[in-house]
Amino acid sequence: MKKTILDGNDFFKLFSYGASEVISNRDKLNKINVFPVADGDTGNNLVFTLNSVLDYAQVKDSVYETLKSMAEASLSGARGNSGVIFAQYIAGLASETKGKASIMLHDFANASKNSAYGLYNALSNPVEGTMLTVIKDWSNYIVDNHKNYDSFDDLFEESVGYASKSLDNTKEQLEILKKNDVVDSGAKGFVLFLEGALRYLHGEVLPEIKRFSLSDLSSSHDSLTHEESSYRYCTECIIKGNLPSTDVVKETLIAYGDSLIVAGIDKYMIHQIPLNITVGEDSYLDKVSISSEDFYEYMKSSPIYPNSSLPNEIQIKEKLEFLSQNYENIIIINVSSKLSGTHSAMLKASKELIDYGYPIKVIDSKLNSAAQGLLVLHAAKMADSGSTMEEITDYLNDKIPKSEIYVALNTFRNALNSGRLPKIVGKIGIFFRLRPIISIDREGNGSAFSVAFSKTTLINKILKLVNQKNQQSKISSYCIVHSGDLDTANSFAKEVTNILGYEPEYICEISSVTALHAGERAVAIGFIR
């Protein structure tokens, strides 16, 4: 019997069928992911988001109560741009059906259109030729044509074809898609979702929903081990007090769990929102729930290259709300907006507090890793010494264009796998076994600065460059970072100290998200002039 009305149970079943189709095509979505960055994670991000709804939403008879629960679950579990957009769409449907026990065709059509246009208002930089466009086009179609159909079955039967045409047109709307001869990955995911929903309306049996996990994907790889844990929960906390070292913390807490990570003692109360790292279907919080050693092993052994995604909107807003209740003002120094959507997400999440009059400055560092961290350190020192928010902001705006980073990589492979370098550049580098120096230009874009056949030659090139830069304009501060190669980092620091006449602000290991792009045994210098 064709459906002319949907209640909460019906809608969740329709969603489950749609999710199943997306999840089954995860790898295909990853492979065609070239925008905004060719990092092959759109399928993963959609799967995480959809699975969050399947696992945690509470199904009620009321369509509004069901959608409300689905919205909460999707927003909490949203990963990446595609996941956040899909979660926002579900949240929009919930908002537009408030108080309704069930919906008819016109209810759903209007709710979908309003939700689609709400997506454009929710994003600071909406781009046509993406999932946004297909959701909007499909919603406009069902609003304009729902009166021509008697049931959801007939409406979806015709409208899915229209959505497919909109999907095909994304090639003409984004040059990067046309160049690679692919459609937008997130948009493709939405069309797959509609096709799955149509299977429900056709009365087909729901196929078993695949569950991807690292253990499932790598069961034939002996290099990976799987241990049973007596401790089932991950706990994060901030310890305040005069503690002499991280070793003291480790010695005190190690007996209370089987996996302890102490990120450091924060003298200046610098707060971070960890990015998400995904390996297969497993998700970790960078620098919180995964160690560098484990992550390097995953990079070498996992059949699926790890990737990263932004914190979801709820995580960001919760952190900002906490900070606003404990501090007089907030300065946010983000990784380059050309390398990550973090800056855009922070701008969006900060707007509500700013509108209420709370003082927040959101700054695009146009840098990453060592150079970004150095700016954060100096800003924190200024705050600690009593500098005002305006003084710190002026300092940052002055020093950002005078800050640089140079990274000596062991291989092009990781930067290629993570989508941070053009494929042709990476493949040539790998073929000739070259090692690159990676830097960031004035606009915040990553670039290959130089190459060599040995790491020693790379480091010597950076040392020569540091000397030249210092002669042009004195380097006032620098730091050294590495990915699992402390010995080389220490040796490198001594050479730089001989050139500049003073020691680095710090030597430390980079985060797993940064190592995702740099690879293991990379060494870098960040400096300010």
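These questions and answers look at one helix and a few strands of a predicted model.

In this predicted model, local features need pLDDT of at least 70, side-chain atom pairs count only at pLDDT 80 or more, and totals for chains, interfaces and linings use all residues. Residues are numbered from 1 along each chain as its sequence is written, and side-chain values use heavy atoms, with hydrogens and water left out.

Reader: How far apart are the end C-alpha atoms of helix α14?
Author: Helices are DSSP runs (H or I, at least four residues), numbered from the N terminus. Helix α14 covers residues 313-326. The expected span is 1.5 Å times one less than its number of residues. For 14 residues that should be 20 Å, and the end C-alpha atoms agree: they are 20 Å apart.

Reader: Which residues of α14 are buried?
Author: Buried means under 20% relative accessible area, exposed over 50%, partly exposed in between (1.4 Å probe, protein chains only). On the other side of α14, Glu318 and Gln325 are exposed. The buried ones are Ile316, Leu320, Leu323 and Ser324.

Reader: Within what arc do the buried residues of α14 fall?
Author: The arc is taken from the directions from the helix axis to the C-beta atoms. The buried residues line one face of α14, because seen down its axis they fall within an arc of 100 degrees.

Reader: Which residue in β10 stands opposite isoleucine 437?
Author: Strands are DSSP runs too (E, at least two residues), and two pair if DSSP finds at least two bridges between them. Six bridges join β9 to β10 (residues 446-452), and the two run antiparallel. Opposite isoleucine 437 stands serine 450.
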